[in-house]
Each structure stands twice: as structure tokens, then as C-alpha cells.
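Hi there,

Here is the structure I promised to pass on. My notes follow below it.

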Amino acid sequence: MALLQIAEPDESVAPHQHRLAIGIDLGTTNSLVATVRSGMSVVLSDEKGHPLLPSVVRYSADGKADVGYAAEFWKSLDPKNTIVSVKRFMGRGHADIAHGETLPYDFVDAQGMVKIRTVAGIKSPVEISAEILKILRLRGEAALGGEITGAVITVPAYFDDAQRQATKDAAQLAGLNVLRLLNEPTAAAIAYGLDNAAEGIYAIFDLGGGTFDISVLRLAKGIFEVLATGGDSALGGDDFDHRVFCWIIEQAGLKPLTLHDTRLLQGHAREAKEYLSQHGEAPITVKLSSGEYVDLVLTTDIFTEITRTLVQKTLSATKKALRDAGLTVAEVRGVVMVGGSTRMPQIQRAVGELFKQEPLNNLDPDKVVALGAAMQANLLAGNRAAGDDWLLLDVIPLSLGLETMGGLVEKVIPRNSTIPVARAQEFTTFKDGQTAMSVHVVQGERDLVSVCRSLARFELRGIPPMVAGAARIRVTFQVDADGLLSVSAREQTTGHEARIEVKPSYGLTDNEISEMLKDGFSHAREDASLRALRELQVEARRLLEAIHSALIGSAEILSPGERARIDAAMLHLQNVVDSDDRPVIDAAMNALSDATNAFAARRMDQSVQQAFTGKNIDQVTL
Amino acid sequence: MSFENSVPGSKFSADHFALLDLPRQQGLDSAELDRRFRRVQALVHPDRYVQAGDAQQRLAMQWATRVNEAYQVLKPPGQRALYLLTLLGFDPQVESNTAMPVAFLMQQMEFREEVMAARAASDEVFLEAAHATLHRDITEAHQQLITLIDHQHDYKTAAELVRKLMFQEKLLHEINDALEAVTS
């Protein structure tokens, strides 16, 4: 469902019009929005000139949410209602959250994803993230002076399916039309590659506030090909802060702290870490609420020592990604450093030693992901000329599999498969007359179900009774270009088809999303049904436009009868698109879609047929 | 997929070689394969159809999936041979046909036991050496497959070699895992 494409009824979009598109880096610590203006990717600042929006949301009793600097102010004053680093909770259950015991929140272990009880009610990480995205959407609209066609939202490459789905849900909730979920290191590679006309094998080392990614890419003119990716979706600057925080408590011999003092010390720990990026030692002086003083000095040596295992984790993941790519360190042409946490000197040093070369730091590590996302958004919105575009080939970070007998995992799609990808696996019944089968989808690299992430469980019913082992149940996994999975199953021998589209257990149902949307709208006093109508109208116009240009391009492959049917369906949609009758518009869109399905398929086939004959109907520069 | 029927001679349902307009042979220029894959992928990839209707987007996803599959099968020489032999009617039946020369099986079993022992003993040096040896054997087998399939048309022997190759590749995988476990 496309959201937020509200155009005035008479403002039909002309072909090749510049579409307003944004790229959003939804970070653990800070978030940014960027766009391409006059061919240049730029980060959009707020009215005070701040490019970064702290990813902090504070709820007050009246239900209002403050976001960014306004919320950050309340971090230690109102810790329970001021949510920082919400990205770490996306698509995660309570048990998955690292150092949960030191966090000041009132967690509610809801079905699937953890939630937080605030003064404004129970909030899911999706809703909290949506507050951040809303501010960025408004910033984009204000800067661009119009409705935004769509957005590219970045996610850590190592995010699993549940975390990706949660991010997409949050964007939808914030009223954004998601053009694509883009992996953060890939976004950085686009920004770096295009700016520097880089060619060859590059590694992107991305250590953010809460996540670590390593991606190995092959860059060439017009192509960004991810060869392998790896990382840890719960390893980032926050963990370095936490080590310092623990060190302070240990050194100062502190008793259990109040929430306020915890936040206070966490803040000082982070400041000390940042100070060490420029200095040899950092003084830590804090007055606690008990009146007690903490007075310590953190030296570079101590800091390096207490964070050694964290750095080691990044190096292990990097070596693994290189192995997966079948490459050696010597074949890597450059290592691009991304994410604020790569400012730490010990990270720079460790990466330099591993790759036997100086890491590349010529792009702002805080902004490069957003800049790349904006470039990709601009491309996807169709704003680049043929021949001046590129093809992006990304991979899934973690293997997908199914639970088999004895709690073992049968891998169906291995990690680092280029997406989109589909794979089918056949299973059979193990009892005579068995008519149902439960399918458990997991993600991860281990052989045991218990240590992989559970994505979805569903029952396949209505299998015709047969002797054990006779049924052939084909389970198909499809991962789309966003890296999101859908699963379907079907019994082969009898042709009995039980197609089940699976949403991950951690994702939200469409109903939940529309409920949340309704809630959101009643707050903002917007009319949900009017908005839905406008969205549908924009989508209808987009469909008309797409078919119109397809007809110009390859009308000759249609018979007169087919053409007449399409023309009639187009005319009908054209006539009803401005009405306020949603079912009628919907039906007209479906009719047009039906009328053009065969045309679309033939057109695609034709373009592939002609790919190597030299008379391509589409631009091919590769 | 309903459109397969509506499009006679569709590239979609063509074999992997035909899809990428490549000759049906084991010896392929890897750079040329890359170029052809990218060329077709650039035409059908969902990123090209973000602004199109849902049906067209779904179609693009199916096509891009199809093209990725072709590339994944044709790129690694072992997979390519397996696929090509199946096309030629000499399915190596790697899943079901476990009949293998006894000497080869014995040798593989011994090798595997040594790898397991080296893993248990964290013997990185042995594992690295085993990796190098096996890698060399596999590369040699790749060359042999070109001779057997493209020049001698001896598909029966080639099928047997592919079965061996699958064994060796699995073992190479295990050595990789062992190296990973030992070095991390």
C-alpha cells in the first residue's frame, strides 16, 4: 500500500516530471534525511541548522511526543518516558535485548515484539520509530515544498526479517511510501562509489550506535554488487559506552543506582568515549543524586583494554565476510569507514592492521548513509536519465531455513544469496493419514532451531490422507528486493494447493497497522478515509502513467483487440479517478491491471529477448 | 505463473543457458557470463519498476528471481556441470546415486576424519594445507569436466566426476567451517 502521495485532483503527474524523493537513515543514535537537489545529494537540516536528529522520543502525559533535541533534554530527567536507541528493540523480544536490566524502561513483553509502558500508554518500537520518521518526513516536505513521492529507508545489512519488517511498518505508520529498504553499508557504497568513481573490490565497515555491518562489494561503472555481508545487529557505540559505564561503577564502587543516576553516568560514559577520540585521557567527574562524587580518569589504554573483545568481534565478522566472498585481504582495494563509532582510534587502527592499508575516511561517517539513500531514492523515483543510472545487487545477510525432525534446521536459502531469490524445498509426512503439517520458518546460521531466530509458524492443513512419506509438500521461500520473506506451501501429488502467505511473528498484521494509523490520525485530527482516498487516487494515476508510457514504447506487440480492451479500461479509470468512491476506483484499477497483465508479461519477455540483439527497447549500458 | 502460457517461446521458461543467450557448454567465459547476467538483470530488476503498478512489480520480482537463479547455477563450475548434464539427459543424481568407487570413498572418509581431528586439536596449519590440496583437486576436476563434456562428450564419466565433486565441495565447506571455528 502506498501512502502519502496526495496530489491535487487536477494535478495529474506528467511523464518525466521530477518526483520528490528522500533517503532516510534511521539510526540508533541519530537519524537523517537527505535528498538529491540539482544532481547533488544533500542532507536536510532542521530550522536551526542541525543536520542530525537525535533518535530520542519523549512521551508526555497528554499523549504528545517530543522528538530529537527537545526529547534529548529529558533523557535523565524523565528516563522512563524518554526512549533512546529504540532501534535496538525493533523486531526483538524482551529476552533478546542486551543489558535490558540497566535500561530504565518499563518493558511489556508483548506477543512478538517487546513494548514499553509510558505515561502516554504502551508503545511499540514501531510506533516510537514512526515518531522519528514523521519528523523527518515533515522536514523533507518543508524543504522540498511538496508531497514526497517516496522514501528509501536504510536498515543495517545484518537486520533479520523481523527487524526489516518492523522498520517498513514504522515507515508506513509515519505516512511514508517506502520505495525500498536499503542496507546501510550498500547506501554508503553508493555515495562513496559515485563520488569517487571507485572501481574494484571495496569493504564497507559500518559501526554505528547500535549495529555493526561489514559488506564486501564489487564496484564498477553502473554496478554495485554486494558479494557478502556480515555483522552483528546488537553491537555498536552503545556497547562501548556500556563498557565504560560498567568500568565507572566498578572503579567508584557504586551501589545500585537510581534511574536518573544511571542515565547520568551513561551520558558521561559516552562523553568520555568521544573525548578519547581526540585526547589521550578523559576526566569523568559526576555528582550523583545522593551527593556522592565520582572522580575518575579514563585513559586510552584502559579504554582499549575494556573494549578489546568488542573490537575483536568486528574483526571476526569482517574475516568471515571476506571468506564468504571468496576473497583475501590483498584483493580489497579500499575500506570505507561509516558510522560515528568508527571515529574511535582503536577501531581505525584495528581495521588498518587487518586490511594492511589506511581506512578511507574522506566522507562524513555520520552522513554518508543518508546521502547514498537519497541517491538511490532519486534513481528509484525515475529521476535519472537512461545511461546515467546504475544497478544494485544486494544479498540476504542470514540463511533462511525450516525446522525438521529433532529440532534441526534445514537451510533453504543460504546467506549471501543475491536478492530477489526464491527456493523451494520438498517435505513429506511421517505418519500414515497425516493431514496437517506444521511449518516453522527460522533465520540464522546454526543447525539447531533453538539458537536461530524464529520468524513464523504456520499449519498447512488439508493434506489428503496418504501413507507416510507419500505426500510431497513443496514449501517455497521468496525473498523480495527489500530482503523481506514470504512463504507458501503446496501439496504436489494431488495438486492440492494451500497457499499461505506468512508474515513473520514479529511483524504486525495489516489490521494492527491500520488500527495504529487510525489512532495516529485521531491525534493529528486528520481524516483517515480521506487520506486513503487520496492515496488510492495517486496510485491510480501512477498506474495510468506507467501504462501510458509502456504503450508508447511497445504498442506494436498488442493485437487490436487487446489494445482496445486496454484503452477502454484506461478510459474508465480516467473517468472515475477523481470521484470519491474508493471501491469504484479500486475496481477500475483491478480491471486495468487485468487487461494489461499479458501485455506487461510480453513486454518484459520481449525486452529480455532483445537484450543481446542490439536493438533493445530499453536503455542498456552495462 | 499464468503469463508463462500467454507468452509463446518465453525466455522465462527457457533453460538457463538460453535465458542468458549462452552456448550450452561447460567451458564458459566467466566475465562474459557476468556481463550477460547484469545486462538482463538491469532490464528486469524490481528497482526499474518501483513506479509501476503492483502487477508489474510482481512480474519484475519473478523475473529478477529467475535471472538470479540462472546466474547462481551457471557461475560455479560444479553446479553448471550438474545442470548441463541433467539437460543433456545424464542426471548425475547426486542425491540418490551414492554408488562411488570404494577407493574414493575410503580416501574421502579418511580425509574427513583427519579434518575432524584437526578441528578438535585446533590445528590451523593442517586445515590450511588440507584446504589448499582439496581446492587444487577441485580446480583440476573443473578443467576435466570441460574436456569430458565439451570435447569428448563422455557424459557418463562426467556425471561420475560431478558426483565426486559434490563430495569434495562438501568437504571443502567443512574445512572452511573448521577454519572458522579454529580461528575465531
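Two residues are taken to be in contact if their C-beta atoms, placed from the backbone, lie within 7 Å. Helices (H or I, at least four residues) and strands (E, at least two) are DSSP runs, numbered from the N terminus. This is a predicted model, in which local features need pLDDT of at least 70 and side-chain atom pairs count only at pLDDT 80 or more, while totals for chains, interfaces and linings use all residues. Residues are numbered from 1 along each chain as its sequence is written, and chains are lettered from A, with ligands numbered from 1, in the order in which they are written.

Now to the contact between the chains. Chain A brings 35 residues to it and chain B brings 32 residues. On the side of chain A that touches chain B, α14(A) gives the largest share, 11 residues.

That helix, α14 (582-609) of chain A, packs against α4 (residues 54-74) of chain B at an angle of about 30 degrees, with the axes 10 Å apart. Axes here are lines fitted to C-alpha atoms, for helices over the stretch in contact, and angles run from 0 to 180 degrees between N-to-C directions. α14(A) is therefore roughly parallel to α4(B) (angles under 35 degrees count as roughly parallel, over 145 as roughly antiparallel, 65 to 115 as roughly perpendicular and the rest as oblique).

Which residues meet there? From α14(A) come A:S593, A:N597, A:A600, A:A601 and A:M604, and from α4(B) come B:A55, B:Q56, B:L59 and B:W63.

Elsewhere, B:A121 sits in the loop between α6 (102-120) and α7 (124-151) of chain B.

Best wishes
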